[in-house]
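The following note concerns the helices of the model and their surroundings. Please read the numbered points alongside the sequence and coordinates.

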Amino acid sequence: MKLHASGEDYLETILVLQKKRGMVRSVDVARHMEVSKPSVCHAVATLRDGGFLMMDENHFLHLTDVGREVAEQIYEKHRFFTDRLIEAGVDPVTAEKDACRIEHVISQESFERLRDAYKTKNE
């Protein structure tokens, strides 16, 4: 299943909230992303059907192995681009917003080459 940017954003949000809180419900995602509960409900159903997450009997969300892998990749891109933009002098709020857009359009190959080049340059 091909994910759109919004699906990637939901997976990334669930990952971030799990790291902060341990357990995540749809309402937590709605608050964090500032979207409606029905929007989260629809996204959760789509992501569940795609095999990216599961919901347990207590309505807690859990990323599958595939969902976690996608979320980790998106989050790594987000952090990398946010940090680089801030280093370049971009306002942190703007850097966050721009990084969120960049993370969805750059290929994994291009990202890995940029990341590796940055690491090599700074060693």
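1. Helices (H or I, at least four residues) and strands (E, at least two) are DSSP runs, numbered from the N terminus. Just after helix α3, Gly51 adopts a positive phi of about 85°.

2. This is a predicted model, in which local features need pLDDT of at least 70 and side-chain atom pairs count only at pLDDT 80 or more, while totals for chains, interfaces and linings use all residues. Residues are numbered from 1 along each chain as its sequence is written, and side-chain values use heavy atoms, with hydrogens and water left out.

3. Helix α3 comprises 13 residues, 37–49. From first C-alpha to last, α3 reaches 18 Å, close to the 18 Å expected at 1.5 Å a residue (1.5 Å times one less than the number of residues).

4. Val40, Ala43, Val44 and Leu47 of α3 are buried (under 20% relative accessible area, 1.4 Å probe, protein chains only). Seen down the axis of α3, the buried residues fall within an arc of 105°, so they line one face of the helix; the arc is that of the directions from the helix axis to the C-beta atoms. On the other side of α3, Pro38, Cys41, His42 and Asp49 are exposed (over 50%).

5. The buried residues of α3 pack against α1, α2 (26–33), β2 (53–55) and β3 (60–63), contact meaning heavy atoms within 4.5 Å.

6. The axes of α1 (residues 5–21) and α4 (residues 65–87) come within 8 Å and cross at roughly 90°; axes are lines fitted to C-alpha atoms, for helices over the stretch in contact, and angles run from 0 to 180 degrees between N-to-C directions. The two helices, α1 and α4, are therefore roughly perpendicular (65 to 115 degrees).

Terms used:
Angles under 35 degrees count as roughly parallel, over 145 as roughly antiparallel, 65 to 115 as roughly perpendicular and the rest as oblique.
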